[in-house]
Each structure stands twice: as structure tokens, then as C-alpha cells.
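Visitor: Hi, could you walk me through this structure?
Guide: Happy to, here it is.

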Amino acid sequence: MGELMIVGLGPGSLGLLTLETWDLLAAADLVLLRTAKHPTVDGLKERGVSFVSYDDVYDAQPTFDAVYDFIARDCLAKVEKGQKVVYAVPGSPLVAEKTVSLIRLLAAERNIAVKIAPGMSFLEVLYVRLGVDPAAGMTILDSIDLAVLRDKPSTGLVVTQIYSRQVASEAKLSLMEWYADDDEIIVARNLGLPGEEVRKIPLYELDRLPVIDHLTSVYVPPGQAGPGQFELSPVIDIMARLRAPGGCLWDIEQTHRSLRRYLVEEVYEVLEAIDLKSAGQLCEELGDLLLQIVFHARIAEECGDFTMQEVIDGVAAKLVRRHPHVFGDVTVQDAGEVVLNWEQIKQQEKGHERPSVLDGIPPELPGLMKACKLQIKAAKVGFDWDNIAPVWEKIEEEIAELKTAIESGDTEAMEGELGDILFAVVNLARFLKVDAEIALNVTNSKFKRRFVHMEAAVGEKGLNWEQLTLAELDQLWDEAKLAEG
């Protein structure tokens, strides 16, 4: 059995070759080059290093995968014949080098020892030219691996081995799955060599460059939203910074429980924006609500419970599961059947029966909303009227009982009977298909607007509230109503 040493020829000129690599090349029985199309090759020839390249394989094989497989197997076959082989690749052996990955895999199966010498890759030059720090995150792929890319990278993306115009065209089409046609990319060619070229172009121009060869690579900066997509990473990154040591002391102290009140407040502010029909305000309030979700997800991630990505993946999977009429082969007749399917699938997902029909209602829900949910759950097992007439009668009955409680002076009874009236009114809202919680919020907002109008009127007239009679205040209230149209 021979020996196999894998070395890198560096990113460009012979001066970037390591001394260790030079010694290995000079002492080898056989030097195999993946390609002789590399700037250091002329220097090797001048210094008497003989070699065999695999350039002819690229024309003989139908695909790049076939080329890489042939090279890997041929290289190992020579080692098995007892030769001391040095296999040299452009750049660094472990940076976006498909043949090295295949050789290591096959060598392990055949029990062949493989040694790899460190080498300088073109990436070190690229980082300098781009002015980026790889510690911030970088995804590096061979162009042939783009087609199997499952998710859009959250980091900057380097695509290597853009050999030809055809490869550039295929790479462009793959990238357009994740990026917009006119997103800015950076094309780097001949890095560290005479004629070095680093230029910014829109993605759609990638295969239209005047020169494309084996020394061409592409960098796609992070943070580009892409076609019909958006990025959560800015707010996620900011939240991570706020919660990190040296961040915001208030944010660091928060827990799931301490944030509950803010989550509820943001929901109601979203509802107010909807009622005001203000697109700008709604956009802002939805952002505030999203911030609360990101906040909770960050706390959970720090505790090792789950991540923001799991939140997104979970709800996406749930939407697909619960819409078999869209993503499957189920047929529905109307929206009512959609709701029925949703509930059945939801029950199957839970995997067990709850002890009570009324279980599963969050205790923190506002009273009116909780009352409605209790009634809906009870109605599902038949505990409900089949028409609205008894609902009216129930409200009248509860009002009469409240009057009796008031006459008795029993404070506890008054509280209970008033609650019964509210519960009965929620039931009426349910029959009318009106959300009682939203209806009350609408009225609260309406009252606030009209009262503010009254305050302005009192101020304009130079009066004090104490000087106005109830009749005069009622007149101002009526004026406020008229002002609303």
C-alpha cells in the first residue's frame, strides 16, 4: 500500500504556496493535479516538478459529479498500487473541494490512510477584498451543490468553481430560488493575480459576464430579502444583543411571566389600529407584537427549550396539516366544513381526550372572551339554545335578579347577578356572530373620542367642568356624536 498526501496549491501565485506543500510536491513519486489550469503550475514546471493532471476527465465525463467520482477513485487506485502520491488541488484542500470529500469517504471504506497538509485558500484573499469578517458567519458551497440547497443561508454565501458560462447560468437559476433577480452580488476573479477583478453586479447578469473561468467565484451578501421573502434576522439579532452580557439591563431581567402584560397590551393596540383603519399604525403595532414573540423565543432559546426557527417551522407545518383541502386531496363544500376539518385534525394532534369539555381555555383571557369560549365549547356537546329567543328571555331574567339583589343590599349577590348579565350578553353576541370583546373595545374607543371632543369644546368656551350642568354636558356629548357623522 502506498501513501496519499493531499495538498493545496494556494489561491494564486507561487509565493502563496506553503513551504510544507513545496517539500511534499518535490519529494513525491507521483503528483496528481485536479487541474493544471492554475497560476502556480508554470512555477512548478520551471522548478522541475513533474505532474499528471485530470483536465482531460472534464471533457470525457458527462457531469461534474462523474468527474469528481472518477478522480477520487483513480487517485486511490494509484495509492493501492503502492505509489507515494501527492494529490494537489487549487486553494486549500478542505475549502469547497468536492474531490477531497469523496477521497476521504472512499479511503475510509478501503482502510487507506489519507494525510492533508494545510494550505491557503482563495477565501483569505476574498475576505480582504470584500472587507468582511468570516467570524460573523459564512456559507461556502461548490456551484454544483447549489441545486440541492434546501434553505436560504442566513449568512453571506460564497459560491466557488464557476467554471464556465453554463455553470454560471445554472448557478444563477439556483440562486434565484432564494434571492431576487436584481439583488446585488459580487463576482471575484483572478484573486491575488495580475488582472484581478472584483465587481458588483445584479444577480441576473451573472452568466452575461465577458469572462468566466475556473478562477471565478461569487459572493452573495447576507440580509437580502429575495423574491417575495423577508428577513427576521435583524430583529432576532438585535434581541440577542439586548439579552447578551453588556446589553440592556431591563431586557436581560425579563422572563416569560414578566412579559405577559406587554403581550396582552400589544394585542389590544393592534386591535385599536384595526378599528381606526390606520395602515401606518397597524404596521407599527404588528411590529411591536412581533417583537414580543421574538422576545419570548429568545428567552426560550437561552433556556434550551426551542428556537425562533422552531416556532416558524411549527406553525408552518400546522397550517399545512390543517388545510388538507389546499395541500392535500381533501374536498370541502364551504367554510363551515373547513372549520369542522380543522377541529377534527386539531383533536387528532392532541392525541388524548381532555378531562373536561371546557378544558384548554387560557385562564389569562379577558373575561368577555373567556365567556364566549366557554359557551362555544359547551355548545359543541349540545348545551345551547337552537334560536335567539330564549337568549333575550335569559337577559331579562338576569336583569330582574340583579334588581332583586340590589333591593336586598347583598353586595356579593349583586356582583354575581351582574356577572350573569354580562355572561348572557356575551351569549347574545355569539348568536349575533359579534365578538363581545371587540364590540366593547369599539365602544371604549368611541367613548374616548367623544369625551376628548367634549374636553376640547369646554376649553374653547373657556369654561370649567364644575360650571356645567348635566344637561349642558349631555348637549356637548350630542355635539360630539354629530361631529362623528
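Visitor: Before that, what kind of model is it, and which pLDDT limits apply?
Guide: The model is predicted, so to speak of local features we need pLDDT of at least 70, and side-chain atom pairs count only at pLDDT 80 or more, while totals for chains, interfaces and linings use all residues. Residues are numbered from 1 along each chain as its sequence is written, and side-chain values use heavy atoms, with hydrogens and water left out.

Visitor: Great. What is the strand order in the sheet with parallel pairing?
Guide: That open sheet of five strands has the order S3-S2-S4-S1-S5. Strands here are DSSP E runs of at least two residues and helices are H or I runs of at least four, both numbered from the N terminus. Two strands pair if DSSP finds at least two bridges between them.

Visitor: Which strands stand at its edges?
Guide: Strand S3 (52-53) and strand S5 (114-116) do, and each has a single partner strand, so one side of each is left without a neighbour in the sheet.

Visitor: How many bridges join S1 to S4?
Guide: Six, and the two strands run parallel. Within that pairing, Leu4 has Val85 in S4 as its bridge partner. Strand S1 (residues 3-8) also pairs with S5 in the parallel sense, over three bridges, and there Ile6 is partnered by Ile116.

Visitor: And what about S2, what does it pair with?
Guide: S2 pairs with strand S4 (residues 84-89) over four parallel bridges, and two bridges join S2 to S3, again running parallel.

Visitor: Are the residues on the faces of S2 buried or exposed?
Guide: Both faces of strand S2 (residues 30-33) are covered, with Leu30 and Leu32 buried on one side and Val31 and Leu33 buried on the other. Buried means under 20% relative accessible area, exposed means over 50%, and partly exposed is in between, using a 1.4 Å probe and protein chains only. S4 is mostly covered too: five of its six residues are buried.

Visitor: OK, on to the mixed sheet. What is its order?
Guide: This open sheet has five strands in the order S6-S7-S10-S8-S9. Its edge strands are S6 (138-142) and S9 (197-202), each pairing on one side only. Neighbouring strands are turned by 20° against each other on average, direction ignored; the axes are lines fitted to C-alpha atoms, and angles run from 0 to 180 degrees between N-to-C directions.

Visitor: How do S6 and S7 run, parallel or antiparallel?
Guide: They run parallel, and five bridges join S6 to strand S7 (residues 156-160). Asp142 stands opposite Thr160 in S7.

Visitor: Where is Thr155, and what does its side chain contact?
Guide: Thr155 is found in the loop between S6 and S7, and it is buried, with a relative accessible area of 18%. The Thr155 side chain makes a polar contact with the side chain of Thr139 at 2.7 Å. A polar contact is a pair of N or O atoms within 3.5 Å; within protein, one must be able to donate a hydrogen and the other to accept it, and residues adjacent in sequence count only if both atoms are side-chain atoms.

Visitor: Changing topic: how many cavities of 30 Å³ or more are there?
Guide: Two, from a search of the whole structure. A cavity is a set of points on a 1 Å grid over the protein atoms alone where a 1.4 Å probe fits but cannot get out, and lining residues have an atom within 4 Å of a point. The volume is the space filled by probe spheres set on the points.

Visitor: What lines the largest cavity?
Guide: It is lined by 25 residues, of which Pro90, Phe122, His214, Leu215 and Ser217 lie nearest its centre. About 320 Å³ of space lies in this largest cavity.

Visitor: And the second largest cavity, which residues line that?
Guide: Ile236, Val294, Ala297, Arg298, Glu301 and Met308 do, around about 50 Å³ of space. Helix H11 (residues 279-302) gives the most to this lining, with four residues.

Methods. 1 Å grid on protein atoms, 1.4 Å probe; cavity = no way out; pocket = protein on both sides within 12 Å on 5 of 7 lines; lining within 4 Å.
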